[in-house]
Amino acid sequence: MQNNQKIIAIFGGGGFLGKHLMRQLTKLDYRVKVATRNPYLKGYLKPLGNPGQIELFKTNIFYQEDVKKILKNCDFVINLVGILYETRKQKFNQIHAQFPHLLSNLCNEFGIKNLVHISALGVKEGHVSKYMQSKLQGEKNIQDTFRSSVILRPSVCFGPDDKFFNTFASIAQFSPILPLVGGGKTKFAPVYVGDVAKAIIKVLELNNLKPKIYELGGPENYSFRKLMEILLVEIKKKRFLISIPFGIAKFQSYFLQMMNNPLLTPDQVDILRYNNIVSGEHPTLKDLGISGKTIQSILPQYIYRFRAGGQFG
Ligand SMILES: NC(=O)c1ccc[n+]([C@@H]2O[C@H](COP(=O)([O-])OP(=O)(O)OC[C@H]3O[C@@H](n4cnc5c(N)ncnc54)[C@H](OP(=O)(O)O)[C@@H]3O)[C@@H](O)[C@H]2O)c1
């Protein structure tokens, strides 16, 4: 292990985005400290670097002393912590707003050079979704506290292990229909998870004196209906695409949210009321010199497992 390696602290690094980011960081010779609730379940991260290059720390993100232990001696911090739905113990406000507040305060205290925070595309004042409100509050908390921060707002991310395409492909395994909330008209700018990881690397060593925001959308916008059509062609399945008005979807979501891994929550129905595309008000992937990969170039590489004959289907 060399002494001149720069050290990065990653919170939430064992998730979907973290896994795709890790190899890119270790190839660039960074040392990585991963804060996780359960290091024993995140052992798959270690082979993504040289021996000793990735360390895992059991961390309660709301316990200052735990967070301080991670930040000690670090140059950069990346915050990937996020949840898609609330549970009895995990609330949006705590995870998306209070933790960034604590983290940015401690980044000041520890002289961190740059904090990269992952928010979400579509955050804006007056959004009805609690998820979006908490993400916006998190951005504000960081901007108010830590000057050298970069906020990235990705649209829905795709790539191996994604939740979006994999979840709907799983539903199509047993269900003859796929539901289109609000007629499936909501627009998305799906972005390849590897491109989001590249964007994180590009901004990591930015020497910005005031907080910056980037909106990360893929090369094309698609309606939700179109995304389901692309998926069904790729997994070679014919399913009925059934429009469900927002009101009915909201009613159903009150029951669906009781599942262990809820398929739809009332808050997610509210998110679907707004398009999730780049606004043009902030720099994007292009400004970082990244030409986003298309769905067509990536999706076939991992979604084939949902075809009747797998990769030979
Ligand atoms: N994936 C997307 O399509 C997408 C789109 C827009 C924005 N984003 C944002 O990008 C970030 C990363 O997304 P992802 O897809 O990688 O999410 P993910 O796979 O669900 O990973 C999220 C991470 O958050 C951590 N976490 C959750 N609750 C926690 C808690 N109570 N205490 C400590 N850590 C907690 C988990 O860490 P441990 O389990 O290791 O403790 C997990 O590794 C999130 O902020 C998400 O909101 C994602």
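The model is predicted, so to speak of local features pLDDT has to be at least 70, side-chain atom pairs count only at pLDDT 80 or more, and totals for chains, interfaces and linings use all residues. Numbering runs from 1 along each chain as its sequence is written, and side-chain values use heavy atoms, with hydrogens and water left out. Helices (H or I, at least four residues) and strands (E, at least two) are DSSP runs, numbered from the N terminus.

**Ligand site**

- The ligand has 24 residues around it, and the closest are F16, L17, T36, R37 and Q90; a residue is near a molecule or strand if one of its heavy atoms lies within 4 Å of it.
- Q90 puts a polar side-chain atom 2.3 Å from a nitrogen atom of the ligand.
- T36 has a polar side-chain atom 2.7 Å from an oxygen atom of the ligand.
- With C157 the backbone does the work: one of its polar backbone atoms is 2.9 Å from a ligand oxygen.
- On its own the ligand exposes 880 Å², and the protein buries 85% of that (Shrake-Rupley method with a 1.4 Å probe; for residues, only the protein chains shown count as cover).
- α1 (16-27) and α4 (130-145) are the elements that give two or more residues to the shell around the ligand.
- By type, the shell splits into twelve nonpolar, eight polar and four charged residues; here Ala, Val, Leu, Ile, Met, Phe, Trp, Tyr, Cys and Pro count as nonpolar, Asp, Glu, Lys and Arg as charged, and the others, Gly among them, as polar.

**Two residues at 0%**

- For accessibility, buried means under 20% relative accessible area, exposed over 50%, and partly exposed in between (1.4 Å probe, protein chains only).
- S129 sits in the loop between β5 (114-118) and α4, and S129 is buried with a relative accessible area of 0%.
- The S129 side chain reaches the backbone nitrogen of M132 at 3.0 Å.
- Leaving out residues up to four places away in sequence, S129 touches D267, D270 and I271, where contact means heavy atoms within 4.5 Å.
- F99 belongs to helix α3 and is also buried, with a relative accessible area of 0%.
- With residues up to four places away in sequence again left out, F99 touches F11, I61, F62, V67, N79, V81 and Q94.
- F99 and G138 are 39 residues apart along the chain, with their C-alpha atoms separated by 7.9 Å.

**Cysteines**

- How many disulfides are there? The count is zero, taking a disulfide as a pair of cysteine sulfur atoms within 2.5 Å.
- C74 is in no disulfide, and the nearest cysteine sulfur, that of C107, is 9.1 Å away.
- C74 is buried at a relative accessible area of 6%, and C157 is buried at 15%.

- Helix α2 (residues 64-71) has D66, V67, K68, I70 and L71 as its buried residues.
- Those buried α2 residues pack against β1 (7-11), β2 (31-36), β3 (54-58), β4 (76-79) and α3 (92-109).
- In helix α5 (residues 164-174), the buried set is F164, F165, N166, F168, A169, I171 and A172.
- The cover over the buried residues of α5 includes β7 (157-158), β8 (177-181), α7 and α10 (295-303).

**Backbone and loops**

- Most residues other than glycine have a negative phi.
- D29 is not a glycine, yet has a positive phi of about 75°; D29 lies in the loop between α1 and β2 and counts as partly exposed at 29% relative accessibility.
- K236, also a residue other than glycine, has a positive phi near 55°; K236 is in the loop between α7 (224-234) and β13 (240-244) and counts as exposed at 56% relative accessibility.
- Y63 lies in the loop between β3 and α2 and is partly exposed at 47% relative accessibility.
- The C-alpha atoms of Y63 and F224, 161 residues apart along the chain, are 39 Å from each other.

Terms used
Polar contact = N/O pair within 3.5 Å; in protein donor to acceptor, adjacent residues only side chain to side chain.
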